[in-house]
Amino acid sequence: DMVAPTQPVPPDRGFAPGQSNRRIERSFSLELEVPANEMSRVADDVTTVTNRHGGFVLSSSVVSGEDDSGGDFSLRIPADRLRPALRDLAGLAPVIRQSQEGRDVTREHVTTKDRLQAARAERASLLRRLEVAETDEEAEALRRQLDLMAAEINGLRAQMRDLRLRTDYAVVNVSLLTAGEDGSPG
């Protein structure tokens with residue numbers, strides 16, 4: 001029983017068409033039609049499905065009353081679990097509407113990474129110059145530059161974290177709408 005070898009990863013040539021190095025920010029919207037008396041159960045199921053796929057609920061509001069009931073969820077779901085998670089969410093109630101969008105943030109990711117590397121190299125060079133500084137004035141000037149570099153590095157690292165979160169997790173917005181008496185949602 002032979003296991004087929006996985007394809008070797010092609011070398012990374014900048015913007016190679018290989019999927020591995022694309023960074024895509026994805027967002028999905030799903031509107032489900034839920035009978036008023038099922039609202040809290042379906043709302044609980046949305047959370048259960050999200051947790052099962054390693055995601056988390058960023059925000060939610062659910063109203064389940066006689067006259068007025070509905071729900072809105074903003075979910076974050078790991079990009080690699082997205083398909084099965086969406087399938088499970090769509091299985092909770094009839095889907096009225098769904099939409100998706102993707103934004104390629106690869107270039108932003110590469111640029112930020114390059115700027116971070118450059119800033120770290122610059123800091124290393126300032127530290128070397130500080131070690132051999134001959135006057136207090138020179139040392140003080142270098143320390144001020146180092147403070148600025150540290151702030152820039154922190155900012156770039158925060159940007160990298162933000163980009164990673166936005167591409168490792170997809171945004172999924174789920175709305176639960178009740179079927180009105182006239183058969184229209186709302």
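I began with burial: 28% of the 186 residues in the chain are buried, where buried means under 20% relative accessible area with a 1.4 Å probe and protein chains only as cover. I note that this is a predicted model, in which local features need pLDDT of at least 70 and side-chain atom pairs count only at pLDDT 80 or more, while totals for chains, interfaces and linings use all residues. Residues are numbered from 1 along each chain as its sequence is written, and side-chain values use heavy atoms, without hydrogens and water.

I then looked up the secondary structure and found four helices and five strands, taken as DSSP runs (helices H or I, at least four residues; strands E, at least two) numbered from the N terminus. Their order from the N terminus is β-α-β-β-α-β-α-α-β.

I next examined the largest nonpolar core, which has 22 residues. Such a core is a set of buried Ala, Val, Leu, Ile, Met, Phe, Trp, Tyr and Cys residues joined through side-chain atoms within 4.5 Å. Leu32, Val46, Leu75, Leu89, Val172, Val174 and Leu176 have the most contacts inside it. At least two residues each come from strand 1 (24-33), helix 1 (39-52), strand 3 (69-78), helix 2 (82-90) and strand 5 (169-177). Helix 1 gives the most, five residues. Apart from this core I recorded another of nine residues, including Ala119, Leu146, Met149 and Leu156.

Leaving aside neighbours within four places in sequence, its contacts include Leu89, Ile96, Val174 and Leu176.

For the whole chain, I found that residues 24 or more positions apart account for 77% of the contacts with a separation of 6 or more.

Definitions and conventions. Buried means under 20% relative accessible area, exposed over 50%, partly exposed in between (1.4 Å probe, protein chains only). Contact means heavy atoms within 4.5 Å.
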